[in-house]
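Please consider the following structure together with its sequence. The paragraphs below lead through selected parts of the fold.

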Amino acid sequence: MAVCINGAALNGIDALIIQIETRITPGVQYFIVGLPDESVRESLIRIESAMCSSDLHMPRQKIVISMAPAGIRKQGALFDLPIALSILAESGQIEPQSLDGIVSVGELSLNGLLRPAKGVLSMALQAKKEGFTRMIVPKHNAAEATLVEGVTVYGMADLKSVFDFLTGLKEHLPENGGVLFSPAHDEGPAKLDFADIKGQPAMKRAMEIAAAGGHNLLMIGAPGSGKTMIARRLPTILPPLTLEESLEITRLYSISGKLENNALLSTRPFRAPHHTASNIALVGGGSSAQPGEISLAHNGVLFLDELPEFERKVLEVLRQPLEERLITISRASFNNTYPAGFQFMAAMNPCPCGFYKNPVRKCSCTKAMIRKYARRISGPLLDRIDLHVNVSPVKYSELASNMVETSSAEVRKRVIRARQLQTGRTGGTINAQMTAEQMKKHCKLELVEQELLMQAMEKQRLSARSYDRILKIARTIADLDHSVSITLVHLSEAIAYRCFDGEYFGF
């Protein structure tokens, strides 16, 4: 009778439990069936060497290994350990009953050492979901797996340690774990703070509105005006992560192999890819279906500096995730969906030389050059960016001032209060993500406000999407003012944030 052992595989951000059946019969050949890729087919070579190095016996007979479900392609070397255990169980070297209720993952070296695996957190969550109570993982991944309560995790250094544990030759204590979650309020060792920004009251106001409603933001200003510095401080005024958000981000970083210290991430991610990044680097994909920058920025901030310098096709792939907050990567051999609920920030110069409408330095660009530069960003993408803000150069008097600026902690309190109003009103949705039905209910305008918005739409030739964005921004400004209704003042400010592109570049 064939022995059945449980392993795990990744399927996008989620995991699948894979059943590995092994049968040893007279013969001299090895077979692996169930759509294995090349790295899985090579596993028996690694396993044979690892067993010899661990003083274990590799049967010299016909070995047939079946991986189910058979219709799903199996990729990667993380099946080495469960395949090795299934061979040891089928050949009588360990009792099959000792593996009941266990899911094991890990890549074996030729010396029998267990190498780290990607996506162990997702695998542990799936193991718990399907009723498994124990996991054997590489020592390096043990802390990550213990983030899932209800699963006993054994972190092992090598194949020999696993064999000794399962046969009772040596006792191996489970790893200490459980979710100890404490959201961080600073962003890394530099402890970035909103108070570091000198002057720029209009930009700070726009940042607060963007954070309060979850709106996307485009900054347009001369080189050296502080656009990047300002962008890096957006995560410091966003609400702290919830446990659910933290688990989502940690899973994404785990399957990408970017999880540091195998700990639960407690700060919102800030991703700033270079303008030479490809569309695959941004959205994900490739031969191993890795998440891209937009997924690594999930529940955080994606910042694109020098926006017009990105290739047009790279920018256009942002349109779907900006609307749907997820990205589906389809290839011939797989179809993976990753979350992409990021807050988008971008920065750009106003013209090729960077000094169009600069009060200090003269611009050397022609109007044709300025229009061509601006039109590197498509209208549909601009429509999806809620706030368009001019960043003015900082004056010397502001830089040299000793005036105490508003801190991130103070701004965050106002942002959290505004978001609490939004989620309480809509049942969990922030303003930037309101549906059409929610907008009809919560963004009502009186006749005077309707007249102003109609005039702005006609004058600036704004799209229907811009109309929605204006209403959502106005609702956020009203929430920051603790106003039940959207007033003329709120709507006027919202329109100012939307019509800037048309005035500035003469579209």
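Ile45 is exposed, because its relative accessible area of 59% lies over the 50% cut-off for that class. In this predicted model, Ile45 is found in helix 2, which comprises residues 43–53. The C-alpha atom of Ile45 is separated by 53 Å from that of Ala211, and the two residues are 166 apart along the chain.

Two packed helices are described by the angle between their axes and the distance between the axes. For helix 7 (residues 201–213) and helix 17 (residues 408–426), the axes come within 8 Å and cross at roughly 40 degrees. The two helices, helix 7 and helix 17, are therefore oblique to each other, and their crossing is right-handed.

Leu81, Ala84, Leu85 and Leu88 of helix 3 meet Leu159, Val162, Phe163 and Leu166 of helix 6. Classified by residue type, the contact of helix 3 with helix 6 has eight nonpolar residues, no polar and no charged ones.

How many of the eleven residues of helix 3 are buried? Eleven of the eleven are, so helix 3 is largely enclosed by the rest of the structure. The buried residues include Asp80 and Glu90, as well as Leu81, Ala84, Leu85 and Leu88. Just after helix 3, Gly92 takes a positive phi of about 85 degrees. In the loop between strand 4 (62–68) and helix 3 lies Pro69, and the peptide bond from Ala68 to Pro69 is cis, with omega near 5 degrees.

Most residues other than glycine have a negative phi, and most peptide bonds are trans. Asn299 has a positive phi of about 65 degrees although it is not a glycine; its place is in the loop between helix 11 (293–296) and strand 14 (301–304). With a relative accessible area of 10%, Asn299 is buried. Arg325, likewise not a glycine, has a positive phi near 65 degrees and is placed in the loop between helix 13 (319–324) and strand 15 (326–330). At 29% relative accessibility, Arg325 counts as partly exposed.

Five strands form an open sheet in the order 11-14-17-10-18, and the pairing is parallel. Which strands stand at the edges? They are strand 11 (270–271) and strand 18 (387–391), each with a single partner strand, so one side of each is left without a neighbour in the sheet. Strand 10 (residues 217–221) runs parallel to strand 18 and is joined to it by five bridges. In this pairing, Leu217 has Leu387 of strand 18 as its bridge partner.

Technical notes: Residues numbered from 1 in each chain as written. Predicted model: local features only at pLDDT ≥ 70, side-chain atom pairs only at ≥ 80, totals over all residues. Heavy atoms only, no water. Contact = heavy atoms within 4.5 Å. Helix = DSSP H or I, 4+ residues; strand = E, 2+ residues; numbered from the N terminus. Nonpolar A, V, L, I, M, F, W, Y, C, P; charged D, E, K, R; others polar. Buried < 20%, exposed > 50% of the residue type's maximum accessible area, 1.4 Å probe, protein only. Pairing = 2+ DSSP bridges. Axes fitted to C-alpha atoms, helices over the stretch in contact; angles between N-to-C directions. Parallel < 35°, antiparallel > 145°, perpendicular 65-115°, else oblique. Left-handed = near helix turned anticlockwise from the far one by under 90°.
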